[in-house]
Amino acid sequence: MGKLDGRVSMVTGAGSGIGRAIALLFASEGSKVVVTDVNDKGGEETANMIRGNGGDALFVHADVSRASDCENAIREAVKRYGQLDILVNNAGIDLPRASLRLIFLRMSSIRSLA
Ligand SMILES: NC(=O)c1ccc[n+]([C@@H]2O[C@H](COP(=O)([O-])OP(=O)(O)OC[C@H]3O[C@@H](n4cnc5c(N)ncnc54)[C@H](O)[C@@H]3O)[C@@H](O)[C@H]2O)c1
């Protein structure tokens, strides 16, 4: 018996990396998994990996920066599984250190103007 039997999870950015690992782990614990990503190839791959292991998964294309994509993913999840219990908001990008430093410098200059 899995820790997530009977649950439905959605993992954003599950087409690779940490999101994929979470999706596979949740599926191995009995959850049905809605895999979402902007990368259709990676997302379908993750869903196929889950199905190949005997799990249940649905891939839905969704860019988390677009509200309409997010609404559609939730609609599709509920249409397929009738519920949505867990959301892992994993999708994101890693800013290079230089960009973070630039943001810090900009914020500092805004503060010093105040
Ligand atoms: N890997 C690390 O060491 C590390 C450390 C700290 C935080 N994080 C964060 O963890 C998350 C996952 O990291 P990862 O290393 O697995 O990255 P990754 O690049 O391997 O995977 C990110 C996934 O998110 C998807 N994605 C990107 N933008 C998206 C969007 N707008 N909408 C939907 N999907 C989108 C990509 O297509 C990709 O499949 C990121 O938010 C990252 O910033 C990672």
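Visitor: What makes up the shell around the ligand, by class?
Guide: This is a predicted model, and in it the shell around the ligand has six nonpolar, 11 polar and three charged residues. Gly is counted among the polar ones, so Gly13, Gly17 and Gly92, which are among the closest to the ligand, go into that polar group.

Visitor: How many residues surround the ligand, and what makes them count as near?
Guide: There are 20 of them, with Ile18 and Ala91 also among the closest.

Visitor: Why is helix 1 called roughly parallel to helix 2?
Guide: Look at how they pack: the angle is about 25°, and the axes are 10 Å apart. Angles under 35 degrees count as roughly parallel, so helix 1 is roughly parallel to helix 2. Helix 1 also passes helix 2 in a right-handed crossing.

Visitor: How do you know which residues of helix 1 and helix 2 meet?
Guide: The test is whether their C-beta atoms lie within 7 Å. On the helix 1 side you get Arg20, Ala23, Leu24 and Ala27, and they meet Thr46, Met49 and Ile50 in helix 2. By class, this contact has five nonpolar, one polar and one charged residues.

Visitor: What makes strand 3 and strand 4 edge strands?
Guide: The open sheet has four strands in the order 3-2-1-4, with parallel pairing. Strand 3 (57-61) and strand 4 (86-88) each pair on one side only, and they are the edge strands.

Visitor: How do you know that strand 2 and strand 3 pair?
Guide: Pairing needs at least two bridges, and five join strand 2 (residues 32-37) to strand 3, so these two pair. For Val35, the bridge partner in strand 3 is Phe59.

Visitor: Where does helix 2 lie, and how does it run relative to strand 3?
Guide: Helix 2 lies across strand 2 and strand 3, and runs at about 175° to strand 3. Angles over 145 degrees count as roughly antiparallel, so that is the word for helix 2 and strand 3.

Key: Residues numbered from 1 in each chain as written. Predicted model: local features only at pLDDT ≥ 70, side-chain atom pairs only at ≥ 80, totals over all residues. Near = placed C-beta within 6 Å. Axes fitted to C-alpha atoms, helices over the stretch in contact; angles between N-to-C directions. Parallel < 35°, antiparallel > 145°, perpendicular 65-115°, else oblique. Left-handed = near helix turned anticlockwise from the far one by under 90°. Contact = placed C-beta atoms within 7 Å.
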